[in-house]
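Subject: Structure handover and findings

Hello,

The structure you asked about is below. My notes on it follow; please read them with the model open.

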Amino acid sequence: MSEQGKGSASTSAAAPAPGSDTYKGWLFKWTNYLKGYQRRWFVLSNGLLSYYRSVDLCFMRMCAQGNDRTQAEMAHTCRGTINLATAHIDTEDACNIVLSSGGRTYHLKASTEVERQRWVTALELAKAKAIRMMNDQSDDSGDEEPASQSDRSEIQGTLKTLVSKLDDLSTCNDLIAKHGAALQRSLSELEGLRVPVEGGEKIKAVNERATLFRITSNAMINACRDFLDLAETHSRRWQRALQYEREQRTHLEETIEQLAKQHNSLERAWREAPTLAAITPSAPTANKGETCCQGSERPLKEEASDEDEDTEYFDAMEDSPAFITVTATENTQHRRSQSNLSGASGGHPNDWNQDDHVSPSCNDLSGKELQPRRQRRTHIPEKPNYSLNLWSIMKNCIGKELSKIPMPVNFNEPLSMLQRLTEDLEYHELLDKAARCDSSLEQMCLVAAFSISSYSTTVHRTAKPFNPLLGETYELDRLEEFGYRSLCEQVSHHPPAAAHHVISQRGWTLWQEITIASKFRGKYLSIMPLGAIHLHFHSSGNHYVWRKVTSTVHNIIVGKLWIDQSGDIEIVNHRTKETCQLKFSPYSYFSREVPRKVTGVVADSGGQAHYILSGTWDDKIESAKIVQSSRGGSGSEGKQKTVYQTLSPKLLWKKYPLPENAENMYHFSALALTLNEPEDGVGLTDSRLRPDQRLMEAGRWDEANSEKQRLEEKQRAVRRRREAEASDALDEGREYEGYQPLWFHQRRNSVTGETNFVYKGGYWETKDRQDWSMCPEIF
C-alpha cells in the first residue's frame, strides 16, 4: 500500500536554468528492507516527479538532446509518478527528503546537503506552480476535468514535433538570406568586370550560388509542406475531439437541467398537496426488519441498476470470509445470514455478566459519569427556509472536487469540518471504559464500537460543513466535565487536511490526520477520508490504528438526500497484533439485509476469532463471545462458511436520542449543539470566531454569503503572495520554508512508518497565558 523507508541518496543532479520547470538527476530511493536503497533517475517536470529504474550514459545523452524515441522509451519505463500538487514535502536530516501523497510515502536521499537543498527548492517551486495551475483551472467554471497523463504526453509530443518543424523553417530562412546576400555580391562584382577570363570565373561562382539558393529553397518548401500536413492532420483530429466533448457536455447539462426542473415541479406539487405529504413517511422507522430508505428516502425502483453500480464499487469486500453464528442456547434453530456475519439477536443485552464479557459494565449508557459543571446550550436558532436555484450551481460542478467549488451557505450547516471531526468524541466514554479493561480483546471490542459510533451523527446530516481556512483551529476543552482536551488545526488547504489531537486524563490519547477527497458524480457525492486514526492507552501501551470508510450522499439532484456508509475497516493493535475486521454493508434495493448493517470479527494474533460484532452504524452495536467454531457447508455463493457458536450478545454501544426539535436545528446531536457555542479565551483562529459561520447560525444567510466570499478571497491573496515569495527565493538561490502549521508538525510514526502531522505542544500553555500574538489573522 505504501512505499516507505528510510531514505535515498543522489549523485549529480542536473542544475536547472533559472526559471526552468524541469529538473533531472540521480537519487537513491528506499524500496524495502531486502534491497534497501536503490539508485533511480528522477525527472521533475510540469508539477510531476517521475522516476526510472536505470538509465545508461548514452540513454541520458539522448534524453538531454530531446530524442523523440528516447522520450517514448522513458514514458514506457517510468516506475512511478508523484503529483506534487497534492504532496507534502518534508526533510528528516541533512540529506533526506520525504514526499507524502495519497497515503503513500516516498523516502529519498541526496549525496550532500547542498544537493538535497537544490532538490527541495525545485520541488517546493514546482508544487506552488502546480497548485496555482490547479486552482486556476478550478476557478474557471467552463473548464473540463484535466486530461489524462497519456493525453498530455501525446499533446506534448505533437507540440514538440511542430516546434521542431518551425526550427527547420527558421534555419532554412537564415540560409536563404545568407546565400541571397552572397548572390547579390557576386552579381555586383560581375557587372564591374572587364576581363573575359575573370568574367568566366565569376559567372561560375554565380551559378554555384544560384544552385545553393535553389537547394535551400526546395528544402524550405518541403519543410513547409510537412509542417502544413502535420498541422492539418492534428487540427482535424483535435476539432473532432473538441466537438465530441462539447456535445457530451451540452447533453449532460441538458439532462441535469431537466432533472432540476423535475425536482422543482415535484417540490411545488408536494407543497400544494400537504394532505398527501402528511401520510407519506419521510424518515426510516426504527423497526429492525424494515428497509432504511422507506418513503421518500428509498431510492426509486427504476434506479435499481444504478444502485447496483454503486454497490459494485465495494466489490473488494466480497473477499471477506463468510460466517454463520449460532447462539449457544439455540440448539435447533440456526439464524443464518447472507452476509459475512449474522445479527446474533437471540440474547438479551441486560443480562451481561462480567464473567463472560467486558469487565467494566457497558450497560451504563447514561454517558456521563460526572455532571457537567457548566450548563451548555441545548438549542440554536432554527434553520431558515431559503429557496435556492439548484441548477445555477450544479451545472458547473460535474467532476470537480467539492473543496474547489464556490458553494453558498445554503448547502452548509453552521459547523466547520474541524468541529465535525471533533464530533467523533461524542461517545468518548467507550474509550474511558476500554482504558479500564484488563483483556486486550475486550478492549478491542470497545475500540471497534467507538470507531462505528462516529458515523451515527451522519444519518440525517446531509448538509456540508464549512471548509476550514488554512491555519484555522478548533479546541474542545472538556477537562473538568469528562477529563479530555481536543485540538484540531487545518494544516493544508490543497489538498484539504486537518490534524486532530486528544489527550484524556482517564488513560488514553487519540490523534489523526484526515484528508478529505470528494467527487460530485452528478447523481451522488462520494466522500473518501484519507489518513489513519491512532489510539494509545497509557497503562497497557496498546496502540490501535484504523481508517475511515467511504460516505456516499445519494439523490443530489432529484429526491430526498440520504447518506450511506460503505467499506471495510481493519483495526490493528500493533502491540499484540490482534485485529478486528469490520464490514459496513452498502445499501442495495434488492437486499434483504438490515439497512446500515455493520458486522465484524475480533481475532487474536494467530487469527483465532474470539468475538463477533453486529448491529447498525446508526443505532447500536452488540458483541457476542465465541465459545466454539467449526467448518460449515457452502453458502449461496459457493464458499464454505465457518459456523461460530456464541454466547448471548451483549450491548456495547447505543446511540443517544436526538434533542427535541432537532429536525429544525440541522439534526444536530446534543454535543453538536454546543460545539459552536461562544467561549472566552479561545485562540484567535478558532472556528467559533469565524464570521460567516456565526452569521449563518444566526439565520442571516445573505450576510454570511458575502462574508464567506470575503474570507475565501483573502485566503487566495495570501496563497498568491506565498507562491510569489517561493518563486523569488528560488530565483535568488535562497531556501524557502513554505507554510508551517502553528501547533502541529510532521513526524514519522514509529509504529506504522507513515509521515503525518502530530501535536507538538504549547497550545494549552498559550491559552493559560492568553498570549495569541503568534496566531495569523485569517478572519
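By class, the residues lining the largest cavity are 5 nonpolar, 3 polar and 2 charged. Please keep in mind that this is a predicted model. The lining is made up of Asp424, Leu425, Phe450, Ser451, Ser454, Leu510, Gln512, Ile533, Trp546 and Lys548. Two elements give two or more residues each to that lining: helix H11 (440–453) and strand E15 (508–520). The space in this cavity comes to about 60 Å³, and the structure has 7 cavities of 30 Å³ or more.

Next, the helix that contributes to the lining. Is H11 buried or exposed? Of its 14 residues, 14 are buried, so H11 is largely enclosed by the rest of the structure. Its length agrees with expectation, because 14 residues at 1.5 Å a residue should span 20 Å and the end C-alpha atoms of H11 are 20 Å apart. The N-terminal end of H11 is capped by Ser439, which has a side-chain oxygen 3.3 Å from the backbone nitrogen of Leu441.

A separate item is Arg596. This residue sits in the loop between strand E21 (578–584) and strand E22 (597–603). Arg596 has a relative accessibility of 7%, and the cut-off for buried is under 20%, so Arg596 counts as buried. What does the side chain of Arg596 make a polar contact with? The partner is the side chain of Asp618, at 3.2 Å.

Regards

Key: Residues numbered from 1 in each chain as written. Predicted model: local features only at pLDDT ≥ 70, side-chain atom pairs only at ≥ 80, totals over all residues. Heavy atoms only, no water. 1 Å grid on protein atoms, 1.4 Å probe; cavity = no way out; pocket = protein on both sides within 12 Å on 5 of 7 lines; lining within 4 Å. Points joined across faces, edges and corners; volume = space filled by probe spheres on them. Helix = DSSP H or I, 4+ residues; strand = E, 2+ residues; numbered from the N terminus. Nonpolar A, V, L, I, M, F, W, Y, C, P; charged D, E, K, R; others polar. Expected span 1.5 Å × (residues − 1). Buried < 20%, exposed > 50% of the residue type's maximum accessible area, 1.4 Å probe, protein only. Polar contact = N/O pair within 3.5 Å; in protein donor to acceptor, adjacent residues only side chain to side chain.
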